[in-house]
Amino acid sequence: MKTAAFAVLSALTLGACASTATVPPPAEFDAGAQSWVGWVRFSGEEFRLYPEQNASRRAFSQDCVSGALPRDLQRQASADLGGMKVLVQGRTAPWSDDLPGDRLDHEGSNITNGCRKDVVILASSIRPN
């Protein structure tokens, strides 16, 4: 009985580790660009940019790239732009699971990389598109 319980616990632990690994961004996302168009959803202090409107509507879709604006701009954008098609301007930064606190600070906004991609967006502006 203990062996079976250990096997189940081990499988769950390995599954949890596998689910936290980062993956490349969606094919439509150019990490070298300085602007991107997509649908935005806000979660905590970060946004999630989706290449397709349908992906932005699915509850657990990770077909996105996480990012954030500086804190005051982030708060205003989250109040005004959720669910809209937007133009995001900024730059990307590589994500590392070794970051202190598993987060990246972007001028007061904490990016936790809910999309679990290899890069995140350090945005300077977001506007409707």
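Glu107 counts as exposed, because its relative accessibility of 57% is over the 50% cut-off. This is a predicted model, so please read every value here as computed from predicted atoms. Glu107 sits in the loop that links strand E5 (104-106) to strand E6 (109-111). Its phi is near 50°, a positive value in a residue other than glycine. Most residues other than glycine have a negative phi, which is why such a value is worth a look.

Arg116 also has a positive phi, in this case near 60°. You will find Arg116 in the loop between E6 and strand E7 (119-128). Is Arg116 buried or exposed? Arg116 is buried, because its relative accessible area of 15% falls under the 20% cut-off.

Now to the sheet. Five strands form a closed barrel in the order E1-E2-E3-E7-E4, and their pairing is mixed. On average, neighbouring strands of this sheet are turned by 55° against each other, direction ignored. Helix H3 (residues 71-80) packs on the sheet and touches strand E1 (35-43), E2, E3 and E7. The direction of H3 makes about 80° with that of E1.

| Strands | Sense | Bridges | Opposite residues |
|---|---|---|---|
| E2 (residues 46-50) and E3 | antiparallel | three | Arg48 and Ser66 |
| E3 and E7 | parallel | two | Ala68 and Leu122 |
| E4 (residues 85-94) and E7 | antiparallel | nine | Thr92 and Ile121 |

Ser66 is buried, with a relative accessible area of 0%. Which residues is Ser66 in contact with, leaving aside its neighbours within four places in sequence? They are Glu46, Phe47, Arg48, Ile111, Asn113, Gly114, Cys115, Val120 and Ile121.

Glu46 leads on to a charged pair. How many salt bridges does a search of the whole structure find? The search finds one. It joins the side chains of Glu46 and Arg48, at 3.9 Å from N to O. Are these two partners buried or exposed? Glu46 counts as buried, because its relative accessibility is 1%. Arg48 is partly exposed, because its relative accessible area of 21% lies between the 20% and 50% cut-offs.

One last stop is Gln53, in helix H2 (residues 53-57). Gln53 counts as partly exposed, because its relative accessibility is 31%. The C-alpha atoms of Gln53 and Gly83 are separated by 8.4 Å, although the two residues are 30 residues apart along the chain.

How values were computed:
Residues numbered from 1 in each chain as written. Predicted model: local features only at pLDDT ≥ 70, side-chain atom pairs only at ≥ 80, totals over all residues. Heavy atoms only, no water. Helix = DSSP H or I, 4+ residues; strand = E, 2+ residues; numbered from the N terminus. Buried < 20%, exposed > 50% of the residue type's maximum accessible area, 1.4 Å probe, protein only. Contact = heavy atoms within 4.5 Å. Pairing = 2+ DSSP bridges. Axes fitted to C-alpha atoms, helices over the stretch in contact; angles between N-to-C directions. Salt bridge = Lys/Arg side-chain N within 4 Å of Asp/Glu carboxyl O.
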